[in-house]
Amino acid sequence: MSTLPPAIFLIGPTASGKTALALAAAARFPLEIVSVDSAQVFIDMDIGTAKPDAATLARFPHHLIDLITPEQRYSAAQFRADALRLMAGITARGRIPLLTGGTMLYVKALREGLAELPEADAALRAQIDAEAATRGWPALHAELAVHDPATAARLKSTDAQRIQRALEVVRLSGRPLGDFFDRQQEQALPYRLLPLALMPSDRAWLHARIAQRFDEMLAAGLVGEVEGLRAKYRLHAGLPSMRCVGYRQVWEMLEGTMPAVELRDRGIFATRQLAKRQLTWLKSMADIDSHDCLAAGLEATLLARIERFLAA
């Protein structure tokens, strides 16, 4: 392990303070930041993704942000390939990759590899979307239960994105998703890793941070940002970009399916649910060096931990 080049993960739930700590680390050590955020890949989606501002990016360039338009899709497999390529380049420059964000599926994909699923089929996805518009996602969930009962059992009947992908795999291959994951072989990263995680000891503190940040997004013009996206791009509610927390709730308000007075409460609730899922992922991950977000002197503690890791 000591002969492998170093790489650092700094992960945690939304609003836990990852960005400030990543910037502090990048200011002190020869690090290059690689975003691990499935929302920040979208161009023109800045406010609702808490993307670093222009001044921050000028001082600390971030890889894997502003990659695609909100009309496009970006998979965990694409992330893994891009991240590995970037990490190799960073290492070749004599610097150290710092991967930071809250998309735990990306973290898992990079650390453990991915099952070799059939490639996405745009025509088939469009067909499934059309069927959903006619029959409803619960009906397609029932169809999935016939062909892939194990996957259907762990999905809600309204989970459009995952139902679509599971049905796509079944229709393309004639096999359930589980068959592919059973054949998945762990692909270890060729790096000596320091996986740091921020875990709040007080959930109420995190909830307060989430509410504050959502209020700041609204004040900064989140609704106007979504209105601009709708005018500039050909979007619909099923796209991953418009399913991002915050954007989804604003979309529903603009479509008239949610009263404007409910936007704040629903946006905060959805963000809290996201944080809960992120914490569940984190607790299931092995070999994570966890730190309390509320701990006094957290920045100094993490910088000292990174220094010891790099000196080892």
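I take a salt bridge to be a side-chain nitrogen of Lys or Arg within 4 Å of a carboxyl oxygen of Asp or Glu. I am working on a predicted model, in which local features need pLDDT of at least 70 and side-chain atom pairs count only at pLDDT 80 or more, while totals for chains, interfaces and linings use all residues. Residues are numbered from 1 along each chain as its sequence is written, and side-chain values use heavy atoms, with hydrogens and water left out.

**Entry on salt bridges**

I looked up the total and found that the structure holds 22 salt bridges. I then turned to R135 and E131, whose side chains meet in a salt bridge at 3.4 Å, N to O. Both residues lie in helix α5 (residues 122-135), four residues apart, about one turn of the helix; I count as helices DSSP runs of H or I of at least four residues, numbered from the N terminus. For burial I use relative accessible area, with buried under 20%, exposed over 50% and partly exposed in between (1.4 Å probe, protein chains only). On that scale E131 is buried at 17%, whereas R135 is partly exposed at 44%. I also noted that E131 and R135 belong to a network of salt bridges that links them with E143 and R171.

I next checked D82, which forms a salt bridge with R85, the closest N and O atoms being 3.4 Å apart. D82 and R85 are separated by about one helical turn, because they are three residues apart in helix α3 (residues 76-92).

The pair R230 and E255 has its closest N and O atoms 2.9 Å apart in a salt bridge. R230 lies in helix α11 (residues 222-232) and E255 in helix α12 (residues 247-255), so this pair ties together parts that are 25 residues apart in sequence. R230 counts as partly exposed at 28% relative accessibility, and E255 also counts as partly exposed, at 44%.

**Entry on the annotated site**

In the unreviewed UniProt entry I found the feature "binding site" at T14, A15, S16, G17, K18 and T19; the positions are in the numbering used here, the feature names are shortened, and annotations may be inferred rather than shown by experiment. K18 is placed in helix α1 (residues 18-28), and T19 lies in helix α1 as well. K18 counts as buried because its relative accessibility is 12%, whereas T19 is partly exposed at 45%.

Leaving aside neighbours within four places in sequence, I list L10, I11, G12, P13, T100, G101, G102 and L198 in contact with K18, contact meaning heavy atoms within 4.5 Å. I also recorded that the side chain of K18 reaches the backbone oxygen of G12 at 3.2 Å.

Terms used. Helices (H or I, at least four residues) and strands (E, at least two) are DSSP runs, numbered from the N terminus. A polar contact is a pair of N or O atoms within 3.5 Å; within protein, one must be able to donate a hydrogen and the other to accept it, and residues adjacent in sequence count only if both atoms are side-chain atoms.
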